[in-house]
Amino acid sequence: MALSLSPSPSPSRVRVGRPAIAALGVLALALGTLQSVVEPALPLLQRELGVSPAEGALVGNALLVTGAVVTPLAGKLGDRYGGRRVLLRLMAVVSAGGLLAGLAPNLPVLLLGQVLQGVMVGVLPLSFILVRKHLTVRESQVAIGVVLALFSGGSIVGTLVAGPIAESLSWHGMFVLPTIAILASTLAVARLMPHDPPVRPDEDGIDWAGAVLLSGTLLALMLGLVTVTSAGLPPLALGGIGVVVAGLATGWVVVERRATAPMVDLRVLARPAMWSACVFTLVITTSAGMVLLLLPQLFAAPADGYGFGAGTTEIGLFLLPGAIAGAVSDSVGGLAARRFGPRAVVVAGTVVTAGTLLALASLHSAAWQLVLAKTLTAFAAGAATTALLAGTATAVEAGHTGVVTGLLVVTRVIGFALGVQIGGAILAAGTDPVTGLPAEPAFVTGFVTAGLIAALSLLVVRITRKGARA
C-alpha cells in the first residue's frame, strides 16, 4: 500500500481540513446508529413481521455476514481504486439498503436491506486510507481515533433512538432517518474530501471467489440453524444441511489456499499463536452474541410471567449501559494489555463473562440484574478480544499485521453472528405452543449454554500456554 506519510506539505494535504474529517466522523456516527437500531427493536420486529426468534435473529446477522465478507476486501479496493471513490460507492449501497429496509413489507425484503447495509463495515478501513494519505502521521492518528470513537458513539445513539422513533412513527422510521443522515454526510464527504490517487493495480487481482464462498458458507449456516429449529427436520435432512455447509466451507478453504491474493491468508493460521487467538475470539464472541439476542427478548417478555413487558424505548434504556461499556472496553482492553499483558486480560475477561452468565441463569427476576449482566459481559468480552487483537498484532512481523488483524476481525464478526443465531434457535426450540412465546426454561438454557461456551475460552488459553511451554 503506497501511503504518503512524510510531514512535508503536498497539494492533497492542503485541501484537507477539519470540515473534511468532521464529515467522515459524522458519517461514522450515522453508520453506527443505523447498525445498532435493530438490537433493542428485535422483539418489536418479530411481532410486526410474525416471525420466530430464530428468524428474527437473521435480521441482525444479515448485516454481520456482509460485514465479515466486506472487511478484508474494502481496504484492498480502496488502495487499488482510491479510498474516496470506493467509499462513495459503498455508501450508495448502504443508503439503498437503508431505504429498502425502511420500506420493507416482510422479512425477506428486510433481510435484503440488511445485507446491503452490511457493506458499511468497509467504511472504517477506507476512512483510515483517506486520512493517512492526506494527513501527517500525528494528525492521522488523531483523525482515526475520532472516526472510531464516533462509530462507537453511534451504537449508543442507535440504542437510545430506536424506541422513540419506532413508537412515534413506525419501525420503518428506524432505518429511514439514519439513512437520511448517511446520505447528507456522504454528500459532505464527497464535497470536502479531495480525490486520492489510486495505487497501481497489482497483478494478483481481487479474491472474488473467496468472498462468494465465505458469504455462502455463513448464510447457509445461519439459514440451517433456523430451519433445524423451526421445521423439525428428519435426520437425513439435517445431514444434508451439514453437508452443504461443510462443502461450502471446504471450497472456501481450498480457494483461499490456492489464491495468489486471498481475502484471508489461511497460512497464517499455521502459527500456534494465531489459530489459538482465532479460536478464543470465536468462542468468546459466540457467547457475547447469545447475550445480544437473549436479553432484549427477556426484557420484552410479558410482565405477568417471568419477563418485564418492556417496550422498545425501555429496552433501549436497559441496554444503554452495556452499549457504553462495550464502547469503552476497546480502549481499556488495549491499555490493560500494555500494563498487565494480553493473557491476563483475556483470562480476567473470560472469568467475568462466564461467571456472570452462569449466575444469570438463576438470577434474572429483576431488571437491574439483567442490566448489570449486560454491562459486565459487554465490557469483559470487549476488553478481552481487544487485548488479544492488540497482543497478536504486535507479536507478528510488521508485514503480517494487516493479515492478522483482518483475520481476527472476520472471526469476531462470525462469532457474534453465530451466537445470535444459536440464541435464537434455543428460544425457538423452547417456545410454548399455547402462547407462542419462549418459555422461561429456554432462557435458562440459553444463559447456561452461553456461560459454558465462554468458559471454554479458559481451556483455549490453558492449551495455548502449555503449547508455548512445550
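## Helix α7

Helix α7 (residues 123-134) has twelve residues and spans 16 Å from its first C-alpha to its last, close to the 16 Å expected at 1.5 Å a residue. The expected span is 1.5 Å times one less than the number of residues. Helices (H or I, at least four residues) and strands (E, at least two) are DSSP runs, numbered from the N terminus. This is a predicted model, in which local features need pLDDT of at least 70 and side-chain atom pairs count only at pLDDT 80 or more, while totals for chains, interfaces and linings use all residues. Residues are numbered from 1 along each chain as its sequence is written, and side-chain values use heavy atoms, with hydrogens and water left out.

α7 is mostly covered, with nine of its twelve residues buried. Buried means under 20% relative accessible area, exposed over 50%, and partly exposed in between (1.4 Å probe, protein chains only). The buried residues of α7 are V123, L124, L126, S127, I129, L130, V131, K133 and H134.

## Aromatic pairs

The structure holds four aromatic pairs. Rings of Phe, Tyr and Trp (its six-membered ring) pair if their centres lie within 6.5 Å; planes under 30 degrees apart count as stacked, over 60 as edge-to-face and the rest as tilted. Two of the pairs, W171 with F175 and F299 with F308, are set out here.

| Pair | Centre distance | Plane angle | Class |
|---|---|---|---|
| W171 and F175 | 6.2 Å | 90 degrees | edge-to-face |
| F299 and F308 | 6.0 Å | 50 degrees | tilted |

W171 and F175 are four residues apart in helix α9 (residues 171-192), and therefore about one helical turn separates them. W171 is buried at 7% relative accessible area, and F175 is buried at 0%. In the other pair, F299 is buried at 1% relative accessibility, whereas F308 is partly exposed at 22%. Ring pairs link F299 and F308 with F318 into a cluster.

## Cavity

How many cavities of 30 Å³ or more are there? The count is one. A cavity is a set of points on a 1 Å grid over the protein atoms alone where a 1.4 Å probe fits but cannot get out, and lining residues have an atom within 4 Å of a point. Grid points are joined across faces, edges and corners, and a volume is the space filled by probe spheres set on the points.

The largest cavity has a volume of about 50 Å³. Its lining consists of T281, T385, L389, L408, V409 and R412. The elements giving two or more residues to this lining are α15 (367-395) and α16 (401-429), and α16 gives the largest share, three residues.

Conventions:
On a 1 Å grid over the protein atoms alone, a cavity is a set of points where a 1.4 Å probe fits but cannot get out, and a pocket is an open set with protein on both sides within 12 Å along at least five of seven lines; lining residues have an atom within 4 Å of a point.
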